[in-house]
Amino acid sequence: MSLDLNLLRVLDVLLEERSVTRAGARLGLTQSAVSHALSRLRYMLGDELFVRGPSGMQPTPRAVEMGPQVHAALNQLQAAIAPSDFDPTTSERRFALAAGAYACAVLAPPLVGRMTAAAPLAELVIGELSSDVPERIDARRADFMVGSVLTAPDRFARETLMTEDLTWVVRAGHPLASRKSVDLNALVSVPHIAISRTLPGLAEDSGDRRAFVSHASWEDAGAFDTALSAAGLQRRVGVTVPDTYSALAVAIRTDMAAMLPRRLALISAEAGRTVLIDPPYDSPPVDVTLIYLKERLAEPAIAWMHGLIRS
């Protein structure tokens, strides 16, 4: 079967955008041209590939199965014909980074600033952290991931970008904010903001050797729970939120306390909106890591972005 590579490009972009309109904008095609290309693909492959759903074009199992292989193949072809060097001043390359709220708040602003100055025509797309991040990196849909990964399969490089301390945060004017020191009894006297999702990374070890294993939470529940147990104390959770930025937003506007990474907490503390409280127990620091496919560091563009992130 002879297959037009342009059709595979349409399939690849549709899998990412889940919208004929957005795919057309990305590809420089009209909606009717994208629809026509999809019709040809459906006929040639004998599958619907996409069906309309409440949240856009939903891929069929066949399309989901093909997606990573098609994307990887297109990237390999692009790499084969691309110039051997990389000039950031003229490149229009699209870089993709998987990151959570912490990395978006702490790492993204300086990274975007440096990238804009060095590569004014390039684009950075920051995607959410989810359980399919390893597959997205394998398929070249994501170039890098920033999280706190403890272990990763051998094909991935895992580098420590920085070490982060954890701190408790309360709003300015909070009853605990004026104390010279806050002990465990005082800390559990107010309700807490819990963070439900995993620390930037993925799920805890599920036995899947293809996946990443990350810290359970920014909250460092193990050390805190150990301290509470030793003191015979219990805390009360007032609200559970999905990420660190949500926890910070709630802390600023309520009398609840949240445990957050210090660099993120300092953003609001320096603006006078919150007060930081050092944990009254032994709280180990957390390594923030950079994850990528080892083999890709041989690509000039990836090597350049790797250096920019490290800087």
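**Pocket lining, cores and buried residues in a predicted model**

The lining of the second largest pocket comprises 8 nonpolar residues, 1 polar residue and 2 charged residues, where Ala, Val, Leu, Ile, Met, Phe, Trp, Tyr, Cys and Pro count as nonpolar, Asp, Glu, Lys and Arg as charged, and the others, Gly among them, as polar. The model is predicted, so that local features need pLDDT of at least 70 and side-chain atom pairs count only at pLDDT 80 or more, whereas totals for chains, interfaces and linings use all residues. Residues are numbered from 1 along each chain as its sequence is written, and side-chain values use heavy atoms, with hydrogens and water left out.

The volume of the second largest pocket is about 170 Å³, a volume being the space filled by probe spheres set on grid points that are joined across faces, edges and corners. A pocket is here an open set of points on a 1 Å grid over the protein atoms alone, where a 1.4 Å probe fits and where protein lies on both sides within 12 Å along at least five of seven lines, and its lining residues have an atom within 4 Å of a point. The residues that line the second largest pocket are Val106, Leu107, Pro110, Leu111, Arg114, Leu161, Met162, Leu308, Ile309, Arg310 and Ser311. Two or more of the lining residues come from each of H6, strand S7 (156–164) and H12; helices (H or I, at least four residues) and strands (E, at least two) are DSSP runs, numbered from the N terminus.

The chain as a whole holds 12 helices and 14 strands, and its C-alpha atoms fill a box of roughly 75 × 40 × 35 Å along the principal axes. Of the 311 residues in the chain, 44% are buried, where buried means under 20% relative accessible area, exposed over 50%, and partly exposed in between (1.4 Å probe, protein chains only). Among contacts (heavy atoms within 4.5 Å) between residues at least 6 apart in sequence, 75% join residues at least 24 apart.

The largest nonpolar core contains 59 residues, and those with the most contacts inside it are Phe95, Phe144, Trp168, Phe224, Tyr281, Trp304 and Met305; such a core is a set of buried Ala, Val, Leu, Ile, Met, Phe, Trp, Tyr and Cys residues joined through side-chain atoms within 4.5 Å. Helix H12 (residues 300–310) gives the most to this core, contributing 6 residues. A second, separate core has 21 residues, including Leu7, Leu11, Val20 and Met66. Neighbours within four places in sequence set aside, Phe224 is in contact with Trp168, Leu184, Leu187, Val188, His192, Arg235 and Tyr281.

In helix H6 (residues 108–118), the buried residues are Ala108, Leu111 and Met115. Seen down the helix axis, these buried residues fall within an arc of 65°, so they line one face of H6, the arc being that of the directions from the axis to the C-beta atoms. An α-helix has 3.6 residues a turn, so residues three or four places apart point the same way. The packing partners of the buried residues of H6 are strand S3 (94–98), helix H5 (101–106), strand S4 (123–127) and H12.

Ile309 belongs to helix H12 and counts as buried at 5% relative accessibility. Beyond residues up to four places away in sequence, Ile309 touches Leu107, Leu111, Phe144, Leu161 and Leu290, while its C-alpha atom is separated by 37 Å from that of Gly238, 71 residues apart along the chain. Ala157, in strand S7, is buried with a relative accessible area of 11%, and, with residues up to four places away not counted, Ala157 touches Leu290, Ile291, Tyr292 and Lys294.

Leu248, placed in helix H10 (residues 244–253), is buried with a relative accessible area of 5%. Apart from neighbours within four places in sequence, Leu248 is in contact with Val169, Leu260, Leu264, Ser268 and Thr274. Ser268 lies in helix H11 (residues 262–269) and is buried, with a relative accessible area of 5%; residues up to four places away not being counted, Ser268 touches Leu248, Ile252, Arg273 and Thr274. Glu17, in helix H1 (residues 5–17), is buried with a relative accessible area of 15%, and, under that sequence exclusion of up to four places, Glu17 touches Arg22, Ala23, Arg26 and Arg94.
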